[in-house]
Amino acid sequence: MLKVENLRKAFGGLQALKGVSFEVPDRAILGVIGMNGSGKTTLLNCINGLYQADDGHIGLAGRDATRQTPMQAALRGIGRTFQVPRVFPRLTLDENLEIALIPHGVAAGVARQRADYWLEKVLLKRLRANHASELSGGQQKLLELARIMVTGPRLILLDEPFAGVNPELALLMIDIIRKIPAEDGCSIMLVSHDLTSIYQLSDHIIVLNEGAVISEGDAQHVRNDPLVVEAYLGAD
């Protein structure tokens, strides 16, 4: 579904991404971990068009997506959440979901059906007439996830979805994310400092350190890789 090759991004003299390469198969979950400043969010920003990569290639389902804008990314089926949820605070929950479907040309009746389905799935349907500003931070993250999923994306980029979320809502979100590939036919890139959730959810994991991939594999391999241990705990 997603193929990234030799991606590079610099901000002045800071090399944020240093030739990053990886793949996300169809209907799979790729976990991305690394210390603060390792390049995780920059990587997501390049994939969904918020940043333009300096070099390298991004392919989505066999099509070039390297120089796309955020709107082009959304129309091609890339959804994105953020560490701090970006909801429309003065709109109702229904309106937050339905507005996401306007660029896709979805009819009003279909938009309402999709909103019904996802508000029910994230346990927010009873609050559908409330403004998004009335939700807790964790509920806003669930709303943001629902707003992505109503569009029927092919790939979603989740940036720290569990940060600041109470344990009950985090468990709900983990359960929803786990089911998305099989039930909704969508691939996922999951960035999180919650290593337990990453290990539970991911089919494959890449580890970034100072803008480069230093390890990749399943949870067991990554946990035991000396390079990962050193990056997180420091050399002896």
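## Before we start

Contact means that heavy atoms lie within 4.5 Å. This is a predicted model, in which local features need pLDDT of at least 70 and side-chain atom pairs count only at pLDDT 80 or more, while totals for chains, interfaces and linings use all residues. Residues are numbered from 1 along each chain as its sequence is written, and side-chain values use heavy atoms, with hydrogens and water left out.

Asn96 sits in helix α3 (residues 93–99); helices here are DSSP runs of H or I with at least four residues, strands are runs of E with at least two, and both are numbered from the N terminus. Because its relative accessibility is 0%, Asn96 counts as buried (under 20% relative accessible area, with exposed over 50% and partly exposed in between, using a 1.4 Å probe and protein chains only).

Which residues is Asn96 in contact with, leaving aside its neighbours within four places in sequence? They are Val87, Phe88, Leu91, Ala132, Leu143 and Arg147. With Phe88, a polar atom of the Asn96 side chain lies 2.9 Å from the backbone nitrogen.

## Helix α6

Now to α6, which covers residues 167–184. Its 18 residues reach 25 Å from first C-alpha to last, close to the 26 Å expected at 1.5 Å a residue (1.5 Å times one less than the number of residues). Just after α6, Gly185 takes a positive phi of about 65 degrees.

Buried residues of α6 include Leu169, Met173 and Ile177. Among the elements covering the buried residues of α6 are β3 (29–33), α5 (137–149) and β8 (187–191).

Note on methods: A polar contact is a pair of N or O atoms within 3.5 Å; within protein, one must be able to donate a hydrogen and the other to accept it, and residues adjacent in sequence count only if both atoms are side-chain atoms.
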